[in-house]
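Please read these notes with the structure open beside you. They go through the points in an order that can be followed on the screen.

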Amino acid sequence: ASLDVGPLNTKQDFIRRGATKAEVRALQGSPWLQNEREWKYGASRILFDGDVVTNWEESAMNPLKIQK
């Protein structure tokens, strides 16, 4: 049996340092590539320590929904 879970409702409109992986996925969508410490969205990437965002590198070609 599988459980179809819709997007997580979040009160944030942007990704910020300290956001959880679930919040990032709800705002930015599924990453193109991922591992434990890094999620890649094209040329942009979001860095994690455990389950929380610590930093990011954004490319204009693949903008992130980050706190600017």
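**Notes on the predicted model**

1. The side chain of Gln28 comes within 2.8 Å of the backbone nitrogen of Lys65. Keep in mind that this is a predicted model. The Gln28 side chain also reaches the backbone oxygen of Pro63, at 3.4 Å. Gln28 itself is located in helix α1.

2. Is Gln28 buried or exposed? Gln28 has a relative accessibility of 17%. The cut-off for buried is under 20%, so Gln28 counts as buried. Apart from neighbours within four places in sequence, Gln28 is in contact with Ile15, Tyr41, Pro63, Leu64 and Lys65.

3. Now step back to the whole chain. The protein has 1 helix and 4 strands, and from the N terminus the order of these elements is α-β-β-β-β. Of its 68 residues, 31% are buried. Among contacts with a separation of 6 or more, 30% are between residues 24 or more positions apart.

4. Which residues of α1 are buried? They are Lys21, Glu23, Val24, Leu27 and Gln28. Viewed down the axis of α1, these buried residues lie within an arc of 155 degrees, so they line one face of the helix. Just after α1 comes Gly29, with a positive phi of about 90 degrees.

5. Next, the strands. β2 covers residues 38-41 and β3 covers residues 44-49; the two pair in the antiparallel sense over 4 bridges. Tyr41 is placed opposite Ser44 of β3. Together β2 and β3 make a hairpin with 2 residues between the strands, and Gly42 in that turn has a positive phi of about 65 degrees.

6. β3 also pairs with β4, residues 52-57: the two are antiparallel and joined by 5 bridges. Asp49 has Val52 in β4 as its bridge partner. β3 and β4 form a hairpin too, with 2 residues between them, and Gly50 in the turn has a positive phi of about 70 degrees.

7. Which residues make up the largest nonpolar core? This core has 12 residues: Ile15, Ala19, Val24, Leu27, Trp39, Tyr41, Ile46, Phe48, Val53, Trp56, Leu64 and Ile66. At least two residues of this core come from each of α1, β2, β3 and β4.

8. Leu64, one of the core residues, deserves a separate look. Not counting residues up to four places away in sequence, Leu64 touches Gln28, Tyr41, Ser44, Arg45, Ile46, Trp56, Glu57 and Glu58.

9. Finally, consider Ser59, in the segment after β4. Its relative accessible area is 15%, so Ser59 is buried. The side chain of Ser59 reaches the backbone nitrogen of Met61 at 3.1 Å. Leaving out residues up to four places away in sequence, Ser59 touches Ala43 and Ser44. Ser44 has already come up as the residue opposite Tyr41.

Key: Residues numbered from 1 in each chain as written. Predicted model: local features only at pLDDT ≥ 70, side-chain atom pairs only at ≥ 80, totals over all residues. Heavy atoms only, no water. Pairing = 2+ DSSP bridges. Core = buried A, V, L, I, M, F, W, Y, C linked by side-chain atoms within 4.5 Å. Buried < 20%, exposed > 50% of the residue type's maximum accessible area, 1.4 Å probe, protein only. Contact = heavy atoms within 4.5 Å. Arc of directions from axis to C-beta. Polar contact = N/O pair within 3.5 Å; in protein donor to acceptor, adjacent residues only side chain to side chain.
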